[in-house]
Protein chains: 2
Amino acid sequence: MASDFDPTMCPVRNVLDHISTKWTPLILLTLQSGALRFSQLHKQVPDISKRMLTQSLRDLERDGLLSRKVFPTKPPSVEYELTELGLSVMVPMGALVDWAENNFEKMKSARRDFDNGMQV
Amino acid sequence: MASDFDPTMCPVRNVLDHISTKWTPLILLTLQSGALRFSQLHKQVPDISKRMLTQSLRDLERDGLLSRKVFPTKPPSVEYELTELGLSVMVPMGALVDWAENNFEKMKSARRDFDNGMQV
DNA sequence: CCGTATCCTAGCTGATACTG
DNA sequence: CAGTATCAGCTAGGATACGG
């Protein structure tokens with residue numbers, strides 16, 4: 001039953017795995033307002049390391065969600081910008097973010113109740 | 001700069017971390033059509049282990065996204081069902097799933113191009 | 001300024017066996 | 001049927017140092 005299932009063929013799993021990593025949503029969200037350079041992103045996405053920022057940006061570029069433009073200035077500068085595909089994913093993801101902001105308190109109180117042994 | 005940021009205070013991070021685990025979206029999606037028993041879920045969510053199913057269900061229950069009802073029959077049966085909060089998150093998440101299904105091919109071809117060295 | 005390379009650890013995850 | 005317990009492997013992620 002389960003063995004005839006190939007995870008790489010499942011769009012839901014496959015896509016969600018790529019946009020639901022620790023940093024990906026925050027990066028996409030930050031770039032939604034417009035193109036940013038590496039150092040700007042590093043400042044605006046709290047607590048991310050350069051290593052993870054680079055890796056996440058590469059993954060997103062690979063998936064066609066953002067573009068990377070290198071300006072051969074001195075010192076070099078690199079700009080990241082959402083592609084059409086990247087902008088399009090921000091519609092549903094934006095809705096999810098809105099949900100998160102609107103229902104965070106409900107989840108917190110549900111957790112409090114559960115932890116206090118309210119489960120019947 | 002980054003040190004004045006508390007991840008537990010960030011709704012986006014906090015909520016997304018909980019609904020974007022490996023199994024959570026699939027479980028929510030499966031329960032969207034109605035209540036299911038543990039064994040039914042185990043069959044319908046491909047490749048999940050009992051261990052992970054139990055753990056994911058507990059987390060979702062703790063966050064108030066689903067309810068757990070035990071029927072003291074012999075042998076016991078347990079039903080899981082989305083709460084109002086769980087149903088409400090399926091609106092944006094359903095949109096994301098739709099996006100995933102509609103844009104999976106685009107992502108795959110973007111990846112192919114990238115891997116073939118098309119990056120300028 | 002924009003990365004890469006290397007090492008290292010925490011915790012997620014699966015496999016397996018057992019219980020009420 | 002619906003879990004729990006235990007153990008081991010893997011890998012995402014962080015710290016640090018270095019390079020173009």
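**Exercise 1. Find which residues are closest to DNA strand C, and what they touch.**

Step 1. In this predicted model, 18 residues surround DNA strand C. A residue counts as near if one of its heavy atoms lies within 4 Å. The closest are A:Ser39, A:Arg58, A:Arg68, A:Tyr80 and B:Arg51.

Step 2. Check single atoms. A side-chain N or O atom of A:Ser39 is 2.9 Å from a phosphate oxygen of DNA strand C.

Residues are numbered from 1 along each chain as its sequence is written, and chains are lettered from A and ligands numbered from 1 in the order in which they are written. Local features need pLDDT of at least 70, side-chain atom pairs count only at pLDDT 80 or more, and totals for chains, interfaces and linings use all residues; side-chain values use heavy atoms, leaving out hydrogens and water.

**Exercise 2. Describe the contact between chain A and chain B.**

Step 1. Count residues. Chain A gives 44 and chain B gives 45; contact means heavy atoms within 4.5 Å.

Step 2. Take the area. About 4300 Å² is buried between the chains, 74% of it on carbon and sulfur atoms. Buried area is the accessible area (1.4 Å probe) that two parts lose on being put together, summed over both. In chain A, A:Arg62, A:Leu96 and A:Trp99 lose the most to chain B.

Step 3. Look for charge pairs. Four salt bridges link the chains (a side-chain nitrogen of Lys or Arg within 4 Å of a carboxyl oxygen of Asp or Glu). One of them joins B:Asp63 and A:Arg111 at 2.8 Å, N to O.

Technical notes:
A polar contact is a pair of N or O atoms within 3.5 Å; within protein, one must be able to donate a hydrogen and the other to accept it, and residues adjacent in sequence count only if both atoms are side-chain atoms.
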